[in-house]
Amino acid sequence: MAVSPASLFWGNKMLNPMLTLNRLNKLRLCKGVIAGEGDANIHGVRFSDTGSGYVYERTGSLSGYSADAPVPDAMLPINSGMKRCILGLDGEVVYYLDPDNSMFKEGSYSPTIVNVLDVYAPHNEDNATVSIDGIADPAHIGCMIRLQDGSGVRQHYALIIGAGGDTYILSNPLLIDWGLDDKGKPCTIGVIGDAKLDGSDGQFMVEVPAFYYRKRIKADKSGIWEYREVSLKPMSGATYSPPFYYSAVEGVNTDAFGIPVDGWSGKWSDKNEVWENMSYSPLGSFMMSVVGFYPLTNVYRSEVRTKCAALGDSYHQQGFFNNLAIQYLMLVEAGSFQTQARYGKGVTDWPGGGTGWSAYNGYRPVRRSGDTVRSGNHSWDMSTLGSLARMKAQGGNIYTVQSVSFRGIENPWGHLFMFVDGYNLMYAEPDGNLGVAYSYVTDDPNLFSDAILTGYVMLPDRMETSEHDGTEWVSGNRYWRKPSRHMLPTIKTPSSTAYVGDNLYVDTVPPNPETLRLLAVGGYSYSGALAGAFYVSVNNGSGSRNAHYGGRLCAKKNKWC
């Protein structure tokens, strides 16, 4: 028998779906003049179902651009307002970073130039070294060094983690021919930035401006269109997204003293061409957003929550509405749900698929944080570096690294799954032959929990998870369509890449009613098809942790509105 959303209870408390958008909008509205239709502030995308896929058109101030054409920054005031910065423990910006290269502070461009004598960066060592003509200054620890040839065409980046005598110790980028010129000789020029990206000055974050977003449906002579629109000014029927800070890289573990450490370690076997004797680092004091380390994985969502909040009152694990805000901005700029086609696949397509990734390092992270430092606030695909982005994979395979950045956010899809807090999916009794579940959310980090607490509200659109064919339950994992206002799947109807193009990953057999599932986004390193900005993973409970699941840091903006 189907369970009506209005009759769902948690403990002795009825969870009323009518509270959802009314309550959230009251909490999130900011005073301002309502933008009318045709206002230059409103811009977005609309899409219509042809029966075999979506067709897209840009709307509002972007209507002069085709959906598949890039849009100038001047036409994207919210997206172009996203910028990397270093954020202090008090939640205040210590300094902004250069918009074109995050190794420098904004407006300073104070590089230190050194003459490089030798480079040592073997694949079987955690650290690389650079010997210079002079004394390696310990004040440069935490800064990026860029090695380059005389022409500046070949450039290699790494984080300085130590200095002594004439040698800088680096976090090894583990790239083939790192630090060498086109003749296989060490690059002779070293450029050291003035920004500290190791956490010593603060967290490496992206500032996201405040904006409004909305979904609406409108029919005209060409069909029925779903709109997703954003604006710097209030819009009728819109929800307010307050400004916040989003981690520029995947979350990194620390030791007991708050010093960043790799999330895992091991020994590379030149004989077997895989990592061996691997172990995870013990869970430390904090989760940080820093460059030069393997992200923290094999951790519970509750542990990520605790370690993010331990940094300070402004900090928390990425919440549902943080992720939703980024998704709206991605969709509007890309012009469709096909974000990988626009920005790059991300760290996916690992040689040998899942079997190859397992053999390489047991599904652990394959890249240390910071591949996209050089891209500043811009969107960028590391694979465009070609031969400079190659690394060793298992069994003699070579992988071209595909780390991407969206407006300063490194690897928002691919590589790993990232937990999302402030969201719990609760199963209900099946509705006939359909498995169904309901989403409960909160925008208050103080209420983040693996249970549904007072203060959570139920979103109005239920999720159809799987279907019974009369004999057995059929897997609900699929490409999906019919996104809700909150970018979640709704109907069970299987889809194709011509729709959203990203997967829904759910329980095949619906668990008992009131069973909760967590949300994670991102994807796998081994498959471009199983990654994306709108990938929805809701098959894990609070007792789950995996080698390829981690988390991201977010922070409230203390002064706004």
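**Ground rules.** I number residues from 1 along each chain as its sequence is written. Because the model is predicted, local features need pLDDT of at least 70 and side-chain atom pairs count only at pLDDT 80 or more, while totals for chains, interfaces and linings use all residues, and side-chain values use heavy atoms, without hydrogens and water.

**Overall build.** I looked up the secondary structure and found 5 helices and 39 strands (DSSP runs, H or I of at least four residues for helices, E of at least two for strands, numbered from the N terminus). I then checked the extent: the C-alpha trace spans about 75 × 55 × 45 Å along its principal axes. Of the 561 residues, 59% are buried (under 20% relative accessible area; exposed is over 50%, partly exposed in between, with a 1.4 Å probe and protein chains only).

**Salt bridges.** I found 24 of them in the structure (a side-chain nitrogen of Lys or Arg within 4 Å of a carboxyl oxygen of Asp or Glu). Arginine 368 pairs with aspartate 126 at 3.5 Å, N to O. Arginine 368 sits in the loop between α5 and β24 and aspartate 126 in the loop between β7 and β8, so the pair ties together parts 242 residues apart in sequence. Arginine 368 is buried at 9% relative accessibility, whereas aspartate 126 is partly exposed at 34%.

**Another pair.** I saw glutamate 229 and arginine 214 bridged, with their closest N and O atoms 2.9 Å apart. Glutamate 229 belongs to strand β15 and arginine 214 to strand β14.

**A network.** I noted glutamate 226 meeting arginine 228 at 3.3 Å, N to O. Shared partners join Lys215, Glu226, Arg228 and Lys482 into one network of salt bridges.
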